[in-house]
Amino acid sequence: HNTMTTSSSARTTFNIIIPIAGNATRMFPASLVTPKSLFPIYNPLTKQTEPILLILLNQIKEAFDMRASSQNIALNKIAIIISEWQRPFIHQLFHDEKRLRLYENKFPETVHQLRYFAERVHLIVQREQKGYGHAVLQAKDSFDKESPIMVLLGDHIYISSDQDRRNCMLQMIDGYMEMSQYMPHFDALTSVDYCAERHLGINGVLTGDFVPLDDKHQKLHQERGILSPPKLIRLTDTVEKPHPLEARKRLYIHDEQQRKRLGLLEEDQYLCYFGIEILPFEIFTYLEELLEQLPEDEELNLRLAQHRLIERMNSGMAGLLMHGHRLDTGLPFDYLQSMNVFHENERLKQEE
């Protein structure tokens, strides 16, 4: 299908899903007046206060702009999954032309960005809060069946520590294009991080085998001057928030050579989700099947659908080890820490 080639005739277009619905109870009472994805963060690069959502969108745009010609890729639709009460806030950000014109002379670049996103952002209302997978499923009727779908957490900030200075979204795009050439039957990719055994209860945990690069690919990366080529993993299993006993049995990687290649340096470390996915349209089929069997009081989990992607006979899901870390802004103290870490990171970039 058209996502697997980079020839001039077949451009790969990506769709994006950013779920932000929810009441953000843990950020009350500030969440009464602002959706948490619009909470402000100071950006020392632009010297402006930016909503979290705009930081995410700018990173997405930057990633696609950097690869548009060399990889023949394009950004198509951005679906933001909202609760009905959030609509006026998002509308205010992108579509309030009268107010945008007031700022246009002083902040021309930012106003231009907001108009760029206004053309691409589609708001989709999630009528009932039934979990992350349910939020993702709301975008099904908005997308074509051929384009890969990038899914991001709407209340996270992703910070890159990549030697090649690629942001986290760009690392994922490069990883996906590499997977398409190198593991041609695979059409799903998830970003992978590390977590200690004591944090298993708050993470989706993964396991699999490192995919070594052949000489041809290694040489290609050297010629292009790439310092950190994508590290891909052929995933074999995943469990959401496993008990340590189950994790040790099902998910722990015992082989010392594998652990070394995967960068699992501590004895109690596991692989876990980092929070950015690139998924095929097929994910919606699995989510619908799971929704039909879902008990009334349970949430629809995206990771269960991803487990089905892993188990497919003729395909699978790969993992990409990320150079970077994610900042969760969904709790009061974490939000404060995120602001400080983001500020320090952007300031250091400026000094470079």
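**View 1. Lys241, in the loop between strand E10 and helix H9 (244-250)**. In this predicted model, local features need pLDDT of at least 70 and side-chain atom pairs count only at pLDDT 80 or more, while totals for chains, interfaces and linings use all residues. Residues are numbered from 1 along each chain as its sequence is written, and side-chain values use heavy atoms, with hydrogens and water left out. Although Lys241 is not a glycine, its phi is positive, at about 50°. Most residues other than glycine have a negative phi. Helices (H or I, at least four residues) and strands (E, at least two) are DSSP runs, numbered from the N terminus.

**View 2. Glu240 and Arg303, joined by a salt bridge**. The closest N and O atoms of this pair are 4.0 Å apart, where a salt bridge is a side-chain nitrogen of Lys or Arg within 4 Å of a carboxyl oxygen of Asp or Glu. The two residues link distant parts of the chain, since Glu240 belongs to strand E10 (residues 232-240) and Arg303 to helix H12 (residues 302-311), 63 residues apart. Arg303 is buried because its relative accessible area is 10%, whereas Glu240, at 29%, counts as partly exposed; buried means under 20%, exposed over 50% and partly exposed in between (1.4 Å probe, protein chains only).

**View 3. Asp193 and Arg326, a salt bridge between two strands**. The side chains of Asp193 and Arg326 meet at 3.3 Å, from N to O. Asp193 lies in strand E8 (residues 188-196) and Arg326 in strand E13 (residues 324-328), so that this pair, 133 residues apart, also links distant parts of the chain. Asp193 counts as buried, at 16% relative accessibility, while Arg326 is partly exposed, with 24%. In the whole structure, a search finds 23 salt bridges.

**View 4. Helices H2 and H5, which cross**. The axes of H2 (residues 52-67) and H5 (residues 108-120), which are lines fitted to C-alpha atoms over the stretch in contact, come within 11 Å and cross at roughly 80°. That angle makes H2 roughly perpendicular to H5, a label that covers 65 to 115 degrees. On the H2 side Leu54, Leu57, Asn58 and Lys61 meet Gln113, Leu114, Tyr116 and Phe117 of H5, contact meaning heavy atoms within 4.5 Å.

**View 5. Asn72, in the loop between H2 and strand E4 (73-82)**. Asn72, a residue other than glycine, has a positive phi near 55°. Asn72 is buried, with a relative accessible area of 12%.

View 6. Most peptide bonds are trans. Pro29 lies in the loop between strand E1 (12-19) and H1. Leu32 lies in helix H1 (residues 30-33) and is exposed, with a relative accessible area of 57%.

Conventions. Axes are lines fitted to C-alpha atoms, for helices over the stretch in contact, and angles run from 0 to 180 degrees between N-to-C directions. Angles under 35 degrees count as roughly parallel, over 145 as roughly antiparallel, 65 to 115 as roughly perpendicular and the rest as oblique.
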